[in-house]
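Here are my notes for you to read alongside the model. I have set them out as numbered points so that you can follow each one on screen.

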Amino acid sequence: MTRRGRLTLALAAGIYLAAWTFGSRPLYPVAVGLALAVALAVVWVRSSAVPERVRRDVGTRQLTEGDDLRVRIEVEFGGGVRPPGIELVERIGRLGLQRAPLEYGRRRAFGRYVLRGVPRGSYVYSESRVVVEDPFGLARAERPLSGAGALGVYPRLVELEQLFSESGG
């Protein structure tokens, strides 16, 4: 449950207490409705499908330094209820934390993100996880993903006119 979910439950309890104290019958359904909304959000998030593995597609061409890297993501889910809102969060070496919202369809979720001007080097995908959250932000679950990988970015090669200078010959 998120902070917003706990505050909504506290508000529901406060409204219920006010309705009981002042004898206001119209406030009871409001209090019960808020509490039920939080409970349904928690149940929806906890019963949502569990991610099984992730596939990343960076294209077929060789990546060189300074290029923009377009990563297409596909996450496969197991059985369960359709997740309400999905986001992939992963750390890519020293490139930092990347977040990609995913669109769900038939036991798979798809998304993409772009890394601009990637420097040369080798980058390991670590701390990959899927964040499932309800539309109102009342409940949230983070689930780790298997399927670590690495990304290699090669140095840019420059064609030389001649190998040695005239004075060095």
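Predicted model: local features only at pLDDT ≥ 70, side-chain atom pairs only at ≥ 80, totals over all residues.

1. Let us start with the helices. Tyr16, Leu17, Trp20, Val32 and Leu36 make a nonpolar surface patch of about 560 Å². Helix H1 (3–22) and helix H2 (27–46) each give at least two residues to the patch, and the largest share, 3 residues, is from H1. Valine 32 has its place in H2.

2. Next, the strands around E6. Which strands pair with E6, and in what sense? Strand E3 (residues 86–92) is joined to strand E6 (residues 121–133) by 6 bridges, and the two run antiparallel. Strand E8 (residues 150–153) also pairs with E6 in the antiparallel sense, over 4 bridges. Strand E7 (residues 140–144) runs antiparallel to E6 as well, with 5 bridges joining them.

3. Isoleucine 92 stands opposite tyrosine 125 of E6. E6 and E7 form a hairpin with 6 residues between them, and in its turn glycine 137 has a positive phi of about 75°.

4. Arginine 120 deserves a look, in the loop between E5 and E6. Setting aside residues up to four places away in sequence, arginine 120 touches Glu65, Arg94, Val153, Tyr154 and Pro155. Arginine 120 counts as partly exposed, at 47% relative accessibility.

5. Is glutamine 98 buried or exposed? At 15% relative accessibility, glutamine 98 counts as buried. Glutamine 98 lies in strand E4 (residues 97–105). Residues up to four places away in sequence aside, its contacts are Leu88, Val89, Glu90, Ile92, Tyr113 and Leu115. Ile92 is also the residue that stands opposite tyrosine 125.

6. Valine 114 is in strand E5 (residues 108–115) and counts as partly exposed at 36% relative accessibility. Not counting residues up to four places away in sequence, valine 114 touches Asp68, Leu69 and Arg70. Proline 51 is 63 residues from valine 114 in sequence, and their C-alpha atoms are 22 Å apart in space.

7. Now to the charged pairs. Side chains of opposite charge can pair when their charged atoms come close. How many salt bridges does a search of the whole structure find? The search gives 13. In one of them, the side chains of glutamate 76 and arginine 53 meet at 3.3 Å, N to O. This pair links distant parts of the chain, with glutamate 76 in strand E2 (residues 69–77) and arginine 53 in strand E1 (residues 51–57), 23 residues apart.

8. Glutamate 76 also forms a salt bridge with arginine 55, and here the closest N and O atoms are 2.4 Å apart. Again the pair links E1, which holds arginine 55, to E2, which holds glutamate 76, over 21 residues. Glutamate 76 counts as buried at 12% relative accessibility. Its two partners are partly exposed: arginine 53 has a relative accessible area of 41%, and arginine 55 one of 36%.

9. My last point concerns aspartate 68 and arginine 116, whose side chains meet in a salt bridge (3.2 Å, N to O). Aspartate 68 lies in the loop between E1 and E2 and arginine 116 in the loop between E5 and E6, so the pair ties together parts 48 residues apart in sequence. Aspartate 68 is partly exposed at 29% relative accessibility, whereas arginine 116, at 61%, counts as exposed. Elsewhere, salt bridges that share partners join Arg53, Arg55, Glu74, Glu76 and Arg108 into one network.

Definitions and conventions: Residues numbered from 1 in each chain as written. Heavy atoms only, no water. Patch = residues over 30% accessible without salt bridge, like charges linked within 9 Å, V, L, I, M, F, W, Y side chains within 5 Å. Areas by Shrake-Rupley, 256 points an atom, 1.4 Å probe, with all protein chains shown as cover. Salt bridge = Lys/Arg side-chain N within 4 Å of Asp/Glu carboxyl O. Buried < 20%, exposed > 50% of the residue type's maximum accessible area, 1.4 Å probe, protein only. Contact = heavy atoms within 4.5 Å. Pairing = 2+ DSSP bridges.
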